[in-house]
Amino acid sequence: MKKFILLISALFYTVVAYAQGTDQVSAILQHGDTETIFIGNTGFAQAYEAAVDGDVIILSQGIFNTINNISKVLAIYGAGFEDNAETNTATTTINGTVRLGDGSDTEFDGIHIEGVKINGYMGLNSQLKNVTIQRCCITNNIELNHNTENVTFRQCYMLGDILGQYKHANGLLISNCYVSKNINNFSVNSFVHIDHSYMGNMYSRVYREYAQFLWTNSIINKLSGDLPLGYAAIVKNCIFFADNYYNDVDLENCYRLNSVADIFADSENGDYTPTRTFELKDPETYVGTDGTPIGLSGGAGWNKVPSNPYVSKVNATLSGTQLNVTYEAGVNK
């Protein structure tokens with residue numbers, strides 16, 4: 001599907017520097033049947049400023065400046081969190097801290113972010129409900145600075161800690177994610193579910209918070225010491241390598257192995273690379289509660305291609321005082 005938009009001269013002065021060439025950094029704001037394009041690394045901020053609850057923002061590949069707070073209920077889609085010829089994705093980067101909410105007790109219900117690399121920290125700063133962060137990379141810590149309900153991270157690559165900040169998380173789901181560090185510091189009676197995920201480098205010290213942790217179908221790569229699974233955690237159909245775990249941890253159908261080299265078919269370690277599939281050597285032995293392989297390759301799978309609209313081949317040319325912009329948009333399958 002190809003779109004053609006004429007932008008009036010009022011926009012000309014903000015985008016004239018980008019009026020040459022193709023594949024320019026751009027953001028498209030969809031409001032009902034109306035679409036508006038904003039060009040340049042401030043395009044995300046401009047689209048956000050013009051958006052209202054329920055709108056969709058589609059980001060091209062490239063680097064965008066972040067904004068102070070995302071305090072509107074929007075769907076935000078990028079081209080992908082990494083360049084990968086095999087998965088046919090390019091990188092959309094939001095450069096800097098991303099804060100969801102405005103720091104108040106206001107409820108924001110239904111924010112969706114997909115297919116972006118957040119080059120910095122992510123803060124959940126208001127009463128967020130039914131929020132999904134999918135097929136994204138977050139390069140720093142994720143901090144829940146407010147009580148939340150039904151927040152899901154799915155098929156994400158997380159390089160920092162996931163910190164509850166002793167707030168109440170009612171149904172935090174970490175699903176089919178590669179988590180490089182720890183998940184900890186949640187308040188009493190929080191419920192955190194980690195499913196079909198890989199914990200890549202958990203700390204040696206143990207966090208004993210009283211939140212309820214449910215671990216299912218995951219690979220927990222901690223080579224020595226005690227497993228930091230949370231107080232009275234329930235652990236089902238998981239693979240782990242640690243020496244010890246506390247007696248109050250309830251293990252069901254779990255496997256303790258000696259080495260990560262025994263697990264994966266595509267490597268002898270658990271290191272992340274863009275081309276890895278994380279398929280198991282013996283998927284028929286290490287089966288999860290849902291009948292699919294334990295780890296990233298089971299469940300929804302390790303799929304990094306955004307299931308979203310995309311924009312590409314942006315070309316801006318000047319005609320008098322008008323800026324003519326063409327682009328292609330479609331939907332990844």
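This is a predicted model: local features need pLDDT of at least 70, side-chain atom pairs count only at pLDDT 80 or more; totals for chains, interfaces and linings use all residues.
Two strands are taken to pair if DSSP finds at least two bridges between them. One involves Ile142, whose bridge partner in E18 is Ile162.

The largest nonpolar core comprises 57 residues. Ile57, Ile133, Phe153, Ile183, Phe186 and Trp215 have the most contacts inside this core. Residues up to four places away in sequence aside, Ile57 touches Ala27, Ile28, Leu29, Phe44, Ala47, Tyr48, Leu74, Ala75, Ile76 and Tyr77. Another core, of 19 residues, lies apart from the largest one. Its members include Tyr178, Phe278, Tyr286 and Ile294.

Positive phi values occur at Tyr166 and at His196, neither of which is a glycine. Tyr166 has a phi near 60°. Its place is in the loop between E18 and strand E19 (169-175). The relative accessibility of Tyr166 is 52%; exposed means over 50%, so Tyr166 counts as exposed. For His196, phi is about 45°. This residue lies in the loop between strand E22 (191-195) and strand E23 (198-199). His196 has a relative accessible area of 0% and is therefore buried.

Conventions:
Residues are numbered from 1 along each chain as its sequence is written. Side-chain values use heavy atoms; hydrogens and water are left out. Helices (H or I, at least four residues) and strands (E, at least two) are DSSP runs, numbered from the N terminus. A nonpolar core is a set of buried Ala, Val, Leu, Ile, Met, Phe, Trp, Tyr and Cys residues joined through side-chain atoms within 4.5 Å. Buried means under 20% relative accessible area, exposed over 50%, partly exposed in between (1.4 Å probe, protein chains only). Contact means heavy atoms within 4.5 Å.
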